[in-house]
Amino acid sequence: MMYKLIVFLPLIGFLIAGMFGRRIGDKASQLLTASLVSVAAILSWMAFAEIALSGNKAHVHVLDWVSSGTLNFSWAFKIDTLTAVMLVVVNSVSALVHWYSMGYMHEDPDKPRFFAYLSLFTFAMLMLVTSDNLVQMFFGWEGVGLASYLLIGFWFKKPSANAAAIKAFVVNRVGDFGFALGIYAVFVLFGSVEFDVIFANAADFQNATMTFLGHEYHALTVICLLLFVGAMGKSAQLGLHTWLPDAMEGPTPVSALIHAATMVTAGVFLVARFSPVFQYAPDALVVVTVIGAATAFFAASVGLVQNDIKRVIAYSTCSQLGYMFFALGVGAYGGAVFHLFTHAFFKALLFLGAGSVIHAMHHEQDMRNMGGLLKKIPLTAAVMFIGNLAITGFPFLSGFYSKDMIIEAAYASHAPGAEFAFVMGVAAALMTSFYSWRLWFMTFMGETRADHHTYDHAHEGPWTIRFPLIVLAVGAVFAGMVFHGAFIGDNRVAFWNGALVTSAHDIMTEAHHVPFIVKAMPFVVMVLGAVLAMWFYLRKTDLPQRTAEMWDGLYAFLLNKWYFDELYNFIFVRPAFWLGGFFWKRGDEQTIDGFGPNGVSHAVAVIAAKARKLQSGYVYHYAFAMIIGLALVVTWFMAQSGGH
Amino acid sequence: MNFLIHNLLSLMMLVPLIGAGFVLIVRHQDKEIEKRNIRWVTLLATLFTFVLSIVLWGLFDGSTADFQFVEKYEWIGNSISYHVGVDGISMLFVVLTAFLMPIVVLASWESVETRVKEYMIAFLLLETLMIGVFSALDIFLFYVFFEGGLIPMYLIIGVWGGLNRIYASFKFFLYTLLGSVLMLVAVFYMFIETGTTDIPMLMNHHFDADVQNLLWLAFFASFAVKMPMWPVHTWLPDAHVQAPTAGSVILAGVLLKMGGYGFLRFSLPMFPEATMHFAWLVFALSIIAIVYTSLVALVQNDIKKLIAYSSVAHMGFVTIGIFVLNANGIEGAIFTMLSHGIVSGALFLCVGVIYDRLHTREISRYGGLSINMKIYATIFVIFSMASVGLPGMSGFVGEFLVLNGAYTYDSWIAFFATTGVVLGAAYMLYLVRRLVFGELDKDDVKAMPDLNLREKIIFVPLVAVVFWMGIYPNSFLDPIHASVQNLIDTKFSAFENQTVVNVGPVEETEAPAAEAHHDAH
């Protein structure tokens, strides 16, 4: 019952606010949805205590869903430690974002719709993480995609918001293409789409092969790679990442909830959930490692030069997701989920902090028009300072435990690609530190570059904005310290309790025994990055400009996000429209119709011309002709039967 | 009562005819009152038929593959009989037909003002004929209903249609004529060879393999046009564009399903070897249809054309599902047809709502409807998402089952067909963006009022069914299982899928290198 409440309370909120929002009013819709999600959040922590801390599992059957042939699956919840962790993350951040939005969306005329969408998202995300089978997971997967689409396009009058919303949905669909094929492949191999059956039988199929697109391949590798394509789409990994920066068109609380803390981590969750299968597909793990590492590096490099405060954090998210993936790739599943957990706190904090800045600055997002805000909004500055310390891995804050573990695991691993991941991870850590402090210095320090009116009126938001910031700041400080023993430390086997592939002698043990120089590396690059940022943005403030001019080619390359959008536009979008037009005009109208009906009709053009004068009478002729035809057939049959 | 139940199908065909008879005799000096009475009579007749269809569904026994509610009377000579009945494959199509009829009558309530009497009679006749198609168990009877159903449809397009209606109905006629003639020849041949036109008997007859191929092609010509499959699909966009809203709904909702139903009722059980032989042809055409028409849909400027092209793409999934010859595929195909009947019907109704207000189908004339027509925008987005195949709504279940079945058959088919899922999202969301999102900057669009009560009543049951089918599809799958399984077991039990799994030697154990042949059981 508790688990059903956790999942369905947000749905109830969505339905009421969505259907009757205008009747019950703004205030009631906001309070209702926020309260229901808050209750779900409290219940989630209770579930966390019950499941993760006490070593239990639960399975809840809700309703049969589909049965056809040998394919059967239900609406059902599988609650284990991994799910419990996700429940806590999703509902806690969602509840805080609901409250925060009351302040942030204060002036928006469409509040019930906004809160309904937030609750819809929460419900879909919960269905995703609680699922006991692949198809329900796909339901949640598409559901969060829908909510993301609706929320990115929330300000639907803006063409850019609409474009970003469609882009997010369609690019995710490309990932879903892989995910869906993965589900079919799983069914062919295992004869089921239910997790318990799949994981129990994975070992039996470790040498199985399967025909895929006409060739024989290692079956589990095929499955893992297909599922990973889905994960790449949702988690914005290199190649399918292009939608995430554009998604910043949505209101900032949305960016914090969906595009930082929860939805984009669904891909990480998927791979972690499938760790019992991935462990038998080493080739697939190499791919995960390499893509993750490349994304971590790529996104961090683009983040260095962005000027929109939200885009910097968006690329940061993309980069941090890359860390999680290469952690999965080298087998540090617990490390990946731990980073997911800590990242949820500090990244939501950074986004909501950015939202607080934007709120204070009357929807200004360009950091070139900020500066000097420390005096005006000190609380926001303070919490973002904490967020920066956490993300860059300052000792004993949350990121320190999770990120350093990932880098160490990459070093300790001997799998192909792990060395690459280690180098990329350290490089990205350097850049992370630089862009994070760059953001903070440009926003809060120095002389203001904002116009006087805006600057003078800048002020902290109401308590609904301040309170979530403080809660998240506390989380960003302590989440690592409190939980690292359970997630990645000595208690991890008992803690995960079979939800992830862990053992007392896995990669995380080795990671604890890497040389000191490796352990110190993240710290060194963090300090280096911070010092560089200080040098560039506090001391020699003309240096960024000069550097950009000196390396103008590289600068343009980074500023234009490695030209992915231009490339995709050229290879996919424009050809699709061109082909559509070609098939329509040349294919249907000229060729098929030209030789088909129009060709025939040309022969009877004269009759047609006359008939047009008769208007609808022409149609009666057809009808009449058909009746005559039928009559003839009947006569023929009569004659036939008479002859028998 | 028993008498009624034994003659339920005939009753369902009779009620609309009686309704048509009443409509014919309704007279009143005041033309407005006459029209009102005609509408009410029609609505009541269709509602009563719908109630009967619910009885049919309720009494239907899903545990058997046999035909139920069978009625058989001598009709023409001693070879053709009036033989009707339903099994799991056809029963829900009868329900679908009866469900959509009251909705289209309501949808025409205000938009049709000319020749209301003839219009309503045409629809009532059409209902009788459509129910006949899905329940006929005599191939000649089927042919009569199948072709007869086109007559009211020609009239609906040709009389109450748009400006270019003559061209559209002419095209419709040409295409269907071609298919029908070939099918008729095949029917004659089958009658001459077997001496019967009884469908259950023909199902048990084994035709010679070469003959099967020819017969299969003849039936294929007719059903492919009806589906419609690429490249004989070009009549559909024109027919939809010119048809009045209600005509489009019935065309997309029911008439397109006759092709798929025909494959399941005739091609598969009567010509199983030819079916396996020609499956590649169907897959090739279906995949082309999915990719090609999705791309064409992307560049349309006319709302109805866009939805018409999307129908062709969706029907591509149906034909794939039917010919992969496994339970997932066929059940998925039937489910997709039912779902598409609801969703595309609803989308055409949505078009009708704004067409009634602005009298244009040009997409660029609209925009920003979610500002002044909030309820409408919500409903439109819901059906768009159902069309895109969002899980939890009806479109997903069918699509998922079809593609799952296709993957079991051969991963190439699933690979290409799944691209349609990406393209479908692209064209549908692009449409949504242009219609309901964006600035509300045109004065005449600003003046459009939101849904009125009648329109809300139309959409509520459709929305409910879309979610019901998505969340608890077993209500619809359960009656189908037995008949589909029977079809596969009796005709295609020796058929082998091409996606093969070899559970190779597990090194740790000393298991022999057993090549386990693993298919979808």
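**Exercise 1. How many bridges join strand E1 (residues 58-68) of chain A to strand E2 (residues 71-79) of chain A, and in which sense do the strands run?**

This is a predicted model, in which local features need pLDDT of at least 70, side-chain atom pairs count only at pLDDT 80 or more, and totals for chains, interfaces and linings use all residues. Residues are numbered from 1 along each chain as its sequence is written, chains are lettered from A and ligands numbered from 1 in written order, and side-chain values use heavy atoms, without hydrogens and water.

*Solution.* 
- Strands (E, at least two residues) and helices (H or I, at least four) are DSSP runs, numbered from the N terminus. Two strands pair if DSSP finds at least two bridges between them.
- Count. Nine bridges join E1(A) to E2(A), and the two run antiparallel.
- Locate one bridge. A:Ala58 has A:Ile79 of E2(A) as its partner.
- Inspect the turn. Two residues lie between the strands of this hairpin, and A:Gly69 takes a positive phi near 60°.

**Exercise 2. Describe how helix H15 (residues 303-323) of chain B meets helix H19 (residues 394-409) of chain B.**

*Solution.* 
- Take the axes (lines fitted to C-alpha atoms over the stretch in contact, with angles from 0 to 180 degrees between N-to-C directions). They come within 9 Å and cross at roughly 45°.
- Classify. H15(B) is therefore oblique to H19(B). Under 35 degrees is roughly parallel, over 145 roughly antiparallel, 65 to 115 roughly perpendicular, and the rest oblique.
- List contacts. H15(B) brings residues including B:His314 and B:Phe317, and H19(B) brings residues including B:Glu399 and B:Tyr409.
- Sort them. The contact residues divide into seven nonpolar, two polar and one charged. Nonpolar covers Ala, Val, Leu, Ile, Met, Phe, Trp, Tyr, Cys and Pro; charged covers Asp, Glu, Lys and Arg; the others, Gly among them, are polar.

How values were computed:
Contact = heavy atoms within 4.5 Å.
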